Amino acid sequence: MRTIAHAATAVSRPIPVNAGIGLRAEHHQAVVDTRPPVGWFEAHSENYFAAGGSQPEYLARIREHYPLSLHGVGLALGSAAALDRAHLAQLKRAVDRFQPALVSEHVSWGSLPGSHFNDLLPMPYTDEALMHVARRVRQVQDALGRQILLENVSSYLEFTVSEMREWEFVSELAAESGSGILLDVNNVYVASRNHGFDAYEYVTKMPLRAVGEIHLAGHSRNRHGNLEILIDTHDTHVCPEVWELYAFAIRRFAHVPTLIEWDTNLPPLEELVAEAHLADRQRELAHARAA
Amino acid sequence: MPALPELQRRFGAALTAGDDAAIVPFVRAAGIDPARRIAIYRNNWRENFLATLSATYPVIRRLVGDAYFRQLARDFQALHPSRSGNLQQLGAPLAGYLRQRFAGTEHAYFADVARLEWAYQEVLTAAEGGPLDVGSLRQVPDACWPQLRFSLHPAARLVRSEFPVLRIWSAHQPGADGAAIDRTVISLDAGGDCLLLRRTSSHVEMRRLARAEFALLERLARGESLAAAASQACSCDAEFDLTQALQRNVSLGVLAGFSPGATPEPVNGV
């Protein structure tokens with residue numbers, strides 16, 4: 001398979017190495033009023049598609065003071081159904097307006113012709129799927145005129161038709177499409193527990209120069225008889241096992257920016273800021289130990 | 001092995017129609033029944049939809065109660081699945097759905113409430129616009145005024161209802177006591193509202209308009225000439241003060257632009 005150099009990720013990083021937090025509407029006013037000491041913010045792209053009103057207004061104000069990443073959840077890159085050009089055009093408008101330092105989406109599908117599940121559904125890891133997603137990622141990157149990062153998702157099932165491991169699929173996809181990788185450490189942990197693979201091997205196999213961002217989040221546990229399935233809920237603190245995996249990952253991806261995601265059961269802004277500072281401390285500790 | 005479109009079609013059918021049989025053979029069990037794994041995604045699909053609909057229609061939810069709202073969302077989703085990767089659009093068809101579902105029942109007013117709540121959402125997110133160039137408007141020659149076309153601000157909405165929807169809406173806001181909708185507190189026989197919704201710097205304002213002023217704005221919003229719109233307003237109210245209505249709506253920013261419209265017919269032919 002041909003390999004494209006990840007030129008764009010290797011150069012300047014306007015997003016600082018100290019951790020950022022996911023921006024939620026409930027925190028807009030507090031962010032504007034208190035300017036919390038975090039490195040940057042990441043916003044869900046679709047939440048700021050509105051042509052006017054207070055939401056894009058807030059984002060523009062916050063953008064004046066912080067580096068920004070736009071993180072999409074609705075392009076459904078892995079869907080066999082045609083790419084939604086209207087959605088892509090709206091994303092382009094948001095990118096043009098807010099000038100984010102990073103733009104990202106997911107390695108997942110989410111729609112059938114005429115209907116949308118508004119979820120990050122798992123891909124079969126086949127060559128066919130790989131070529132399909134890579135083509136669409138190139139289409140998106142061409143439309144936006146920039147590289148995007150692709151995030152590994154949490155999943156609760158695997159398809160028997162898969163021909164490769166998830167990390168191979170994600171790495172090959174980045175190589176094939178020229179995209180970068182958003183390594184979600186919580187998702188790696190969740191998927192590793194749900195499917196019984198080695199999370200540390202996954203992190204080790206991620207191509208060094210392609211990884212341009214790391215996500216951390218909380219998850220929940222559902223019991224099914226003797227087994228449990230971890231669910232990616234973004235509604236709580238990062239768990240100890242994920243912090244440990246993060247410490248390992250951040251030694252390998254030493255200068256990659258980290259983001260704390262917390263989307264439901266939102267705590268006060270200060271608690272999110274504290275979680276970001278915890279990530280900063282973990283990073284410093286990991287680097288001190290490595291030195 | 002099914003190709004990608006077929007695999008996804010089967011997965012989708014498992015979520016929406018509960019038809020697992022065609023996808024189960026392609027899901028690894030690994031200790032947990034594939035049907036339970038698929039059920040996690042089905043649950044996410046329903047819960048995400050419910051949460052979005054619930055955030056868009058808080059008054060409907062309060063009127064029907066959480067349990068019934070859940071059922072309503074499920075029935076609505078089956079007929080009107082989300083069509084966009086942007087969740088904010090999925091509630092658009094609810095008023096039409098409720099109109100059909102509750103037509104001729106004592107709950108026929110739900111459709112009016114949903115229409116108002118959707119208009120509220122649209123006002124929150126619509127584009128900026130205006131202000132109207134008052135200087136240029138003053139320079140329009142008298143003869144050209146009848147043919148002027150005014151445009152409404154993109155974030156202004158007109159809602160005409162069959163039922164007293166503003167009272168119902170207000171009584172079911174957070175902190176309000178949720179007045180009974182019967183003859184004792186809010187009577188459905190009280191008649192409908194003519195409402196103007198507009199965005200201010202801090203909130204969405206909802207205001208009752210007199211029928212004449214509502215008719216004027218409604219016709220202007222449809223692109224009709226000032227003459228046609230004014231004549232409709234005067235047919236509602238012979239005393240209608242057109243100048244005052246125009247001034248008020250220009251200064252509020254409701255009228256956000258104008259264009260000359262068709263050239264007036266010369267009075268005596270060519």
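In this predicted model, the side chains of B:Arg9 and B:Glu6 form a salt bridge, with N and O 3.0 Å apart. Both residues lie in helix α1 (residues 4–16) of chain B, and because they are 3 residues apart in that helix, about one helical turn separates them. B:Arg9 is partly exposed, since its relative accessibility is 44%. B:Glu6 is likewise classed as partly exposed, because its relative accessible area is 26%. B:Glu6 also forms a salt bridge with B:Arg10, the closest N and O atoms being 2.8 Å apart. Because B:Arg10 and B:Glu6 are 4 residues apart in helix α1 of chain B, this pair too is separated by about one helical turn.

Side chains of opposite charge can pair when their charged atoms come close. Over all chains, the structure holds 25 salt bridges. One of them joins the side chains of A:Glu176 and A:Arg138, at 3.8 Å from N to O. A:Arg138, by contrast, is partly exposed, with a relative accessible area of 27%. Elsewhere in chain A, a network of salt bridges links A:Arg193, A:Arg221, A:Arg223 and A:Glu228.

| Pair | N to O distance |
|---|---|
| B:Arg9 and B:Glu6 | 3.0 Å |
| B:Arg10 and B:Glu6 | 2.8 Å |
| A:Glu176 and A:Arg138 | 3.8 Å |

The packing of helices in chain B is a further topic. Two packed helices are described by the angle between their axes and the distance between the axes. Helix α2 (residues 34–56) of chain B packs with helix α4 (residues 66–79) of chain B at an angle of about 110 degrees, and their axes are 10 Å apart. The two helices are therefore roughly perpendicular to each other, as the range for that description runs from 65 to 115 degrees. The crossing of α2(B) and α4(B) is right-handed. On the α2(B) side, the contact involves B:Trp45, B:Arg46, B:Glu47, B:Phe49, B:Leu50, B:Leu53 and B:Ser54. These residues meet B:Phe69, B:Arg70, B:Ala73, B:Arg74, B:Phe76 and B:Gln77 in α4(B). Sorted by class, the contact of α2(B) with α4(B) has 7 nonpolar, 2 polar and 4 charged residues.

B:Leu220 is located in helix α9 (residues 211–221) of chain B and is buried, with a relative accessible area of 1%. Leaving aside residues up to four places away in sequence, B:Leu220 touches B:Phe150, B:Leu152, B:Ser225, B:Leu226, B:Ala229 and B:Leu255. The C-alpha atoms of B:Leu220 and B:Arg149 are 6.8 Å apart in space, although the two residues are 71 residues apart in sequence.

In chain A, A:Gln90 is part of helix α4 (residues 85–98). A:Gln90 counts as partly exposed, because its relative accessibility is 25%. A:Gln90 and A:Phe49 are 41 residues apart along the chain, while 6.2 Å separates their C-alpha atoms.

Key: Residues numbered from 1 in each chain as written. Chains lettered and ligands numbered in written order. Predicted model: local features only at pLDDT ≥ 70, side-chain atom pairs only at ≥ 80, totals over all residues. Heavy atoms only, no water. Buried < 20%, exposed > 50% of the residue type's maximum accessible area, 1.4 Å probe, protein only. Salt bridge = Lys/Arg side-chain N within 4 Å of Asp/Glu carboxyl O. Axes fitted to C-alpha atoms, helices over the stretch in contact; angles between N-to-C directions. Parallel < 35°, antiparallel > 145°, perpendicular 65-115°, else oblique. Left-handed = near helix turned anticlockwise from the far one by under 90°. Contact = heavy atoms within 4.5 Å. Nonpolar A, V, L, I, M, F, W, Y, C, P; charged D, E, K, R; others polar.
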